[in-house]
2 protein chains.
Amino acid sequence: MKNAIGVEIPEYIEGLGKLEPFQGVWSSIIEDEVPVTNISRTLKAKKPHASKLCKNLEEAIKKCKPFDGMTLTCHHHLRGGDGVLMQTIKILDEMGIKDITLASSSLTSAHDGLVSYLEKGMITRIFTSGIRGALGDAISVGKLKYPAVIHSHGGRVRDFLTGRIKPDLSVLAASAADEEGNATGAHGPSAFGSMGYADIDARYSRNVIIVTDNLVDYPCIPSTIRQHFIDYVVKVDSIGDATKIASGTTRITNSPMDLRIARIAATVIEHSGLFKNGMSFQVGAGGASLAVAKFLREDMKRKEIIGSFMIGGVTSYGVDMLNEGLFHSIFDVQSFDAAVSTSVLNNPNHIEISCDQYANPNNCGSMTNKLDVVVLGALEVDVDFNVNVITGASGEIRGASGGHSDTASGANLTVVVCPAFRGRLPIVKDRVHTVVTPGESVDVIVTERGVCVNPSKPNLAAALKKAGLKVVDIRDLKEEVECMTGVPAEKQLGDKIVALVEYRDGTIIDVIYNVENLS
Amino acid sequence: MKNAIGVEIPEYIEGLGKLEPFQGVWSSIIEDEVPVTNISRTLKAKKPHASKLCKNLEEAIKKCKPFDGMTLTCHHHLRGGDGVLMQTIKILDEMGIKDITLASSSLTSAHDGLVSYLEKGMITRIFTSGIRGALGDAISVGKLKYPAVIHSHGGRVRDFLTGRIKPDLSVLAASAADEEGNATGAHGPSAFGSMGYADIDARYSRNVIIVTDNLVDYPCIPSTIRQHFIDYVVKVDSIGDATKIASGTTRITNSPMDLRIARIAATVIEHSGLFKNGMSFQVGAGGASLAVAKFLREDMKRKEIIGSFMIGGVTSYGVDMLNEGLFHSIFDVQSFDAAVSTSVLNNPNHIEISCDQYANPNNCGSMTNKLDVVVLGALEVDVDFNVNVITGASGEIRGASGGHSDTASGANLTVVVCPAFRGRLPIVKDRVHTVVTPGESVDVIVTERGVCVNPSKPNLAAALKKAGLKVVDIRDLKEEVECMTGVPAEKQLGDKIVALVEYRDGTIIDVIYNVENLS
C-alpha cells in the first residue's frame with residue numbers, strides 16, 4: 001500500500017505488527033475524539049515506610065524481575081555523556097536477558113557500545129527519536145533483528161499512551177534525587193536541566209528505577225519526577241561524563257554561510273505577519289537555526305516587540321532572551337547546556353514541561369499547537385518541501401526526528417534553514433532520501449541562494465517578495481544548484497527495511513532500506 | 001456478609017453494584033502488584049491554534065455534550081465559599097439533564113441548595129468525602145435515590161483510577177487561569193492555595209472545564225493544572241464568596257479543654273520515640289488538633305528538633321513553623337487559609353501535591369505512607385479504637401472522612417484527640433455509630449481524662465507511663481464517663497441504607513441507615 005506521499009508501506013512487519021500508512025498531517029486527528037486504543041497507567045501499592053533504596057543498580061534491576069522479550073526505556077537528557085543506559089544493558093546481559101526492546105527517547109554517541117548487543121540478539125527492537133554514530137551504521141547495514149522505529153518526541157508519548165510501547169522497566173537518570181525517588185535534573189554535579197522526556201516513562205512503566213549520583217535529603221526540590229511513580233532508587237558514583245552532559249553555554253555559529261542564512265530567515269519572520277507582541281517562538285540548537293535567534297533578538301529590540309513564550313530545546317541563548325524580557329516565559333522539555341539548569345531551578349517563568357505537554361498529538365493542549373514560529377534545520381529538502389533529518393549522504397541513519405515534525409505540524413510558520421549545497425552535494429532534491437517532516441507542514445525553506453515558499457501559502461510569498469526578499473521557485477533553485485554540483489549518483493541500497501519512520505500520529509511516513517556499502 | 005469489624009454489608013446495592021466487605025487495613029494491598037481493574041486517562045486531540053475560551057459556563061457545558069446518567073465532578077478547594085458547583089447544577093438542570101452522579105471531593109455548607117435537586121431526581125448518586133448541613137440532613141432522612149458513598153481523599157483517587165468513578169464532566173474552579181487552561185489556586189482575588197484535589201479530575205475526566213474569575217496573560221504561573229488536560233476555559237464574574245473561600249489566618253483555639261488535650265497529645269508525641277530530627281508530622285485544622293501544633297512547636301524549639309516535612313491540610317500556623325525552620329518542607333494538598341496561598345506561590349519548599357501523591361493507597365509513594373505522626377480529631381471513638389468522623393449525635397451525616405483513614409493507616413503514630421464527653425454526651429462508646437477509621441490503625445486516643453493506648457502497642461503504653469502520662473484502659477475511661485453522663489438513649493433509625501462508608505481500598509467499612517426523626 002502507498003501512503004499519502006507515495007511511499008510503499010508494508011502492511012505488516014514481523015516483530016512489529018501491522019502498519020498504517022501516513023495519510024496527511026492532520027488526517028488521523030479527529031478533534032475531541034478519544035482514540036480507541038488507550039492504555040492505563042501502572043498502579044502499584046507499597047506498604048508504609050518501606051525503603052526504595054537499593055545498594056546498586058543490579059539489585060534494583062533484579063527486584064524488577066526482568067524477562068526475555070521485555071521493553072526497557074530511558075531518557076536521553078544526559079546526551080553524549082550518558083553512563084546509565086550502557087550500564088543497564090550490561091547488567092541485563094549478565095543476567096542472561098535477551099530479545100529486549102529498547103525504547104530510549106533518543107540515542108547518542110554514548111551508545112556506540114550497543115552494537116555488540118544488537119549483533120548477539122540481546123537487543124532486537126529499538127524505538128527512538130534519534131540514532132547516530134556506530135549504532136546508526138550498524139542498523140543501516142541490517143544488524144538489528146527487526147526494523148528500528150524512528151518516532152518524533154510527541155509520537156513517543158503517543159506510543160506509550162496507546163500501548164505501542166509497553167514499558168516493563170524504566171531506568172531514569174537524575175542529577176539529584178531523594179530516597180523516595182523524587183527527582184530533578186536542575187541541580188547537582190551532573191545537572192542537565194529539564195527532565196521532560198522522562199515523565200511519560202515514570203508514569204507508564206511497570207517498574208521505575210531512579211539512578212542518581214547525588215542523593216539529597218528528603219524531599220528533593222524541585223521534584224519534577226514525583227515519588228508516587230518510583231519503585232526503586234539507586235545511588236551510583238557517576239551517571240555519566242558531566243562535561244558531555246552539559247558543557248558551558250551554547251555559542252552562536254561563526255560560519256558566514258550559516259549567519260547569512262539566519263539573517264534571511266529572521267527577515268522572513270519579520271515580514272510573515274507574525275512578528276508582533278505576543279509572538280511565540282522555537283528554534284533548534286544547530287548552526288543556522290540558533291543563529292536565527294541572534295537576529296530575531298536584534299529585530300525584537302529594534303522594533304520593541306515582546307513575545308509570549310519560547311519552547312525548547314532550550315539554550316543559554318534562549319535564557320538570555322528571557323532574562324532580557326524579550327519573552328514572558330520559556331517552556332522547557334530539554335535543556336541544551338549547563339547554564340540553562342540554573343534558570344530551570346530559579347526562574348518561575350522558566351517552566352519545565354513533560355513531552356506530553358510539549359508535543360503529544362493526542363492531547364488537547366500540546367505546546368507545539370500553540371506555536372507561532374519554528375525554525376528548523378535539514379539534512380535534505382525536496383521540491384515538495386519534504387524534509388529529511390534522519391539519513392545521511394550514503395543513506396545511513398545518522399540523525400534525529402526529535403521535535404521536527406511535531407513543531408512543523410503545529411506552528412503557524414515553519415521555517416527550514418539549510419544551505420543549498422554542502423561540499424559538492426546538493427541539499428535541494430527531487431525527493432529527499434527519507435521523509436521525516438512532510439512538505440504539507442513546511443512553509444518556507446531558506447537558503448543562501450533564495451527563499452522558497454510552499455505554494456500553499458501564496459499570501460506569504462507575496463509578503464516576502466514585497467519585503468525585498470529573493471523568493472524563488474524551489475524547482476528553479478534545485479536546477480541552479482545541480483548546474484554547479486551535478487546530480488549525485490544513486491545510493492547503493494539493499495531491499496531489506498532496516499527502519500521505519502513513524503509520523504507523530506503513529507502512521508508510517510517512510511521506510512529506510514539497508515545500505516550495502518557504507519564508506 | 002459481615003466485614004472485618006462485624007458490620008453486615010449487603011452484597012449488592014441497586015444503582016451502585018456489588019460491594020466488597022472491609023477485611024483489614026492492609027489486607028487488600030498486595031505489594032508491587034498491579035490491581036486488575038485500572039482505567040486509562042482520557043486522550044483527546046485538538047487541532048492547532050483552536051481557542052478554548054467560551055463566553056460563559058453554559059456554552060462550555062453545552063460543548064461537553066452532557067447527558068442523562070452522566071457523572072459530574074468538582075473539587076472543594078473553595079470550601080464554604082464555592083459558587084461554581086451550584087451554578088453548574090443549575091445550568092445542567094435547565095438543560096433538562098437528570099440522573100446525575102455527583103462526585104465532588106467534598107461538599108460544604110455552600111451546597112445546601114443541592115437538596116431540591118436530590119428531591120427531584122436530578123442528582124441520584126453522590127460520591128464524596130464529606131457531607132454537612134441541610135444536605136447531610138436530607139441524605140440522612142433518605143432523600144437521595146441511591147446511597148451516598150463516603151470515601152477518603154486517597155480513596156477518591158483510587159475510585160477514579162479503578163473506574164468506580166468515571167467522570168464525564170469536570171468543572172474546576174481556579175483563582176487564576178489562562179486561555180489554554182493552565183490554572184492555579186495560589187493567586188488572584190479568590191486565591192485558595194493548593195489545587196491538590198483537582199489533579200485527578202483534570203487527568204481522568206472526559207471533559208474538563210476551567211472556571212476562573214481571574215483570566216491572566218498566557219501562561220498562568222504556576223500551572224498546577226496543565227493545559228493539555230483542559231478542554232474549555234470560562235471567565236466568570238465570581239467563583240464564589242472570597243471571604244468564605246479563605247479568611248485571614250487560622251487561629252489556635254482558646255478553649256481551655258482543647259488546650260489541655262493538645263498539651264497531653266504533644267507530650268505523647270514527645271515520648272513516642274518519634275520525636276527526633278527528621279520527624280514528619282500532620283495535623284488537622286480543628287480545635288484541639290491544631291493546638292497540638294502549638295505545643296509541638298514549643299517542644300521542638302526547646303529540644304532543638306528539626307523535622308523533615310509536614311503534610312496538610314495546611315494552615316498559616318504550619319507555614320509559620322516552616323518559615324521558622326522547624327520543618328524542611330510542607331507538602332500541601334489543601335490550604336486552609338488565605339495566608340497559605342502566598343507561601344504556595346513563593347516558597348519552593350512549600351510543595352503543592354496532588355491527592356494521588358498525598359494518599360492514594362494504590363500507588364508506590366503516598367505521602368501518608370511516609371508519615372511519622374498524625375494528630376486527628378473525632379466525633380466519637382470506641383473501645384476498639386474505631387473512630388467516627390461522619391455521623392452526629394442523632395445518627396445524621398454531618399462530617400467528613402477526608403484524609404482521616406488515609407493518614408491513620410500510614411503514620412507510625414496515629415493520635416486521636418477528643419474530649420471524653422461533649423455537653424452531656426459521652427464520646428467514648430462501646431461502638432461508634434459509624435466507623436470511618438478502623439481501630440487497627442489508631443494508636444493513641446488522648447482525652448482530658450487520660451490517654452488510651454491501643455493494646456497492639458504495649459511498648460508505647462509503657463513509654464508513655466514512664467513519661468508520667470495518665471495511661472488508662474479505654475473501657476475504664478468509658479465507664480468513668482458514663483457514670484457522669486449516663487448512657488445515652490438508642491438512636492431512632494430506619495432500615496434504609498442512606499450511605500456507605502468506603503474504606504480507602506474500596507471495600508465497605510460501614511453503612512449508615514436512615515434517621516427517622518431528625519430534630
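User: Which residue is the bridge partner of A:Val374 in S22(A)?
Analyst: A:Thr414 is the bridge partner of A:Val374 there. Keep in mind that this is a predicted model.
User: OK, and how many bridges join strand S18 to strand S22 of chain A?
Analyst: There are 4 bridges between S18 (residues 373-376) and S22 (residues 413-417) of chain A, and the two strands run parallel.
User: What sheet do they sit in?
Analyst: An open one in chain A with 8 strands, ordered S17-S16-S15-S14-S18-S22-S26-S27. The pairing is mixed.
User: Which strands are the edges?
Analyst: S17 (350-352) and S27 (450-453) of chain A, each of which pairs on one side only.
User: And the twist, what does it average?
Analyst: From one strand to the next, the average is 20 degrees.
User: Which strands does helix H14 of chain A touch?
Analyst: H14 (residues 458-466) packs on the sheet and touches S22, S26 (444-447) and S27 of chain A. The direction of H14 makes about 160 degrees with that of S27(A).
User: Switching topic: what rotation superposes chain A on chain B?
Analyst: One of 180 degrees, with 0.0 Å of shift along its axis, and the RMSD is 0.0 Å. So the chains are related by a two-fold axis.
User: Which C-alpha of chain A is nearest the axis?
Analyst: That of A:Ser40, at 1.9 Å from the axis.
User: And what percentage of the contact residues of chain A recur in chain B?
Analyst: 100%, with the same surface serving both copies.

Technical notes
Residues are numbered from 1 along each chain as its sequence is written. Chains are lettered from A and ligands numbered from 1 in the order in which they are written. This is a predicted model: local features need pLDDT of at least 70, side-chain atom pairs count only at pLDDT 80 or more; totals for chains, interfaces and linings use all residues. Side-chain values use heavy atoms; hydrogens and water are left out. Copies are superposed by least squares on the C-alpha atoms of residues with pLDDT of at least 70 in both. Contact means heavy atoms within 4.5 Å. Two strands pair if DSSP finds at least two bridges between them. Axes are lines fitted to C-alpha atoms, for helices over the stretch in contact, and angles run from 0 to 180 degrees between N-to-C directions.
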